[in-house]
Amino acid sequence: MAQNSKDTLLEALQLSPDLDDEAITRGISAVITVAVDDETHRPSLRTVHDNILQYHGGTALLEPLDVLPGLLRCRRKEAVDLIDLISESSSPKEVLIVIQETLEQLVREDDVEEECVLGSVQCLINVIVLSTKSVPRLTLGKRTALSVVSPLVAGVSSAVTSLGSHFTRDNGRSLLAVVSRMSEAFYTWVFKTCSEADTAEARKFIRILLDTTVIACAPCIKASLCARTFETHYPRLTLSSAIEPEWQEGELAIRSVLTTLRAMTLSPQDVLDNPTMSSLIILAYEQESYLLPKDLSSKLHSMLMTSIQMNFALDESLFLIFRSVTQDRTHNDFPPDLATSLCIVLPALASTHLDPFIRHFSLRLIALILARLPSTLQQQILMTLASDAELPQMRAAAIGLLKEFVLEALQFPALSGEQNVFASPLLIRSFGPILFRTMPPDYFSEVQVAGDIENSLEPSRIAEVLSFYYVLLQRDKDNKTGIRDPDNIASVESSLLRPLRSFLEKWLDAEAEPILSVISLQIGLERIDYAVQIIRSR
């Protein structure tokens, strides 16, 4: 790049031509101070940057102690470019003083106005970028790299925690990337200049910083792990995409953390052996070629539960569960204690979460988990779900899941010596009292107006029961479950179908406008009557 003369520099910055270097520095500091607060000021920050860059020795005219405090709080690109110049060329000792003072101020700024907080977040990002390039240039003397970076890492960690609730998607992603780069630069500096003990200590507190940053920025990642996985594995079930726009930037940001962990010789197993809430997120973004260890679920059990219950890092936690249950389907060896816990918290997501995709994905996860369990445990969990008074939305879905397992049991008989509950008389004995009645028992008599039907979840549950009963009558041709026994047919007729007939007779004639759920029940009942008639005629 061609170098400009001193006269050209002074003219561009509107400074007197007869100034010495010290006066030029003061003049440049004054220009920068005004231009930081006034974007229309001329000369602008861009003019200052470009002319300093093109003047030989120009960076020596920048005084970090004077200009950095204002530049660090400026969100404009030209301010960031000037910060880069200072970080690469100015006195690292002076820069360090500004960094320390700014971090102390940021920790105290968690209760200011929103617009000011956004400036604070950008200031933190600028401080981290500045630290990454400037601090490792320090002449150590009697100090060690560890003693220099330790308080800085602690300060950044405190600032991240203090400002974390104000991160936006974009600045949260930026923060993940810049903290990762700073962490790697600091670790490398300690590794090259310090003892093994100091390096191990640095690894420890930098890992804490990374954990803190990942947790604080978790809501900003939005890389749609579950949605992308679902659309890959179940394309026919995908009606509309739930993938976040610009998800790639979120994945790149979190993968920068993984890169830094590798640079510090921390493997996925190290992350798992010392698990924190951030471990859920870090492990979720490991490469697909990374096989999840068998003890992952047990080591992350409590954190998975907390994540789901608190709606924190939900995308990553559900994705890890999906990978765990689909990685190796050759054995029904999913940990029963984890399966039981998940089948307590996942139904709540599947029933009440505001995001329809999360509801759908959670239900699919329940099915996948159940498929990895012995039939007796499947039976217990499905009985609980099908009769759950606190989650009535789940009762109909549980019947759909039950139907899947029954059909599979009928199609693929158990090995000799084994008994599958779903292809035996135990099915009707255990599920009959739950399915073949209304919930509550006096539901039909409680309905007074059409709105009672339309606003109730019970018609959809009864419709699922009718569908299940019809399919079972049709598919269990060998009567393995005993569903075709005259006594069982009579019992279902007495407990559910006869009261349902009376109910339908009343409401099919009562309303001028047809009630769709009533019509659906009538169709389901007619199919069953025909199926039973065929069975009795044989």
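Visitor: What is the relative accessible area of K6?

Guide: K6 has a relative accessible area of 29%, which makes it partly exposed; buried means under 20%, exposed means over 50%, and partly exposed lies in between, with a 1.4 Å probe and protein chains only. Please keep in mind that this is a predicted model, in which local features need pLDDT of at least 70 and side-chain atom pairs count only at pLDDT 80 or more, while totals for chains, interfaces and linings use all residues. Residues are numbered from 1 along each chain as its sequence is written, and side-chain values use heavy atoms, with hydrogens and water left out.

Visitor: Which residue forms a salt bridge with K6?

Guide: That is D21, and the closest N and O atoms of the pair are 3.8 Å apart. A salt bridge here is a side-chain nitrogen of Lys or Arg within 4 Å of a carboxyl oxygen of Asp or Glu, and helices are DSSP runs (H or I) of at least four residues, numbered from the N terminus. D21 is also partly exposed, at 44% relative accessibility.

Visitor: How many salt bridges are there in the whole structure?

Guide: The search finds 21. R228 and E251 form one of them, with their closest N and O atoms 2.9 Å apart. That pair links distant parts of the chain, 23 residues apart, with R228 in helix α11 (residues 225-233) and E251 in helix α12 (residues 247-263).

Visitor: Are R228 and E251 buried or exposed?

Guide: Both R228 and E251 are buried.

Visitor: New topic: where is the kink in α18?

Guide: The kink, of about 25°, lies at C343, shortly before the proline P347; the bend at a residue is the angle between axes fitted to the seven residues ending there and the seven starting there. Helix α18 has 17 residues (336-352) that should span 24 Å at 1.5 Å a residue, and its end C-alpha atoms are 25 Å apart, which agrees; the expected span is 1.5 Å times one less than the number of residues.

Visitor: What do the buried residues of α18 pack against?

Guide: They pack against several helices, including α17 (314-326), α19 (356-371) and α21 (392-411). The buried residues of α18 include C343 and P347.

Visitor: And which residues is L504 in contact with?

Guide: Leaving aside neighbours within four places in sequence, L504 is in contact (heavy atoms within 4.5 Å) with V518, L521, Q522 and L525. L504 lies in helix α26 (residues 486-510) and is buried, at 1% relative accessible area.

Visitor: Where is I519, then?

Guide: I519 is in helix α27, and its relative accessible area of 32% makes I519 partly exposed.

How values were computed:
Helices (H or I, at least four residues) and strands (E, at least two) are DSSP runs, numbered from the N terminus.
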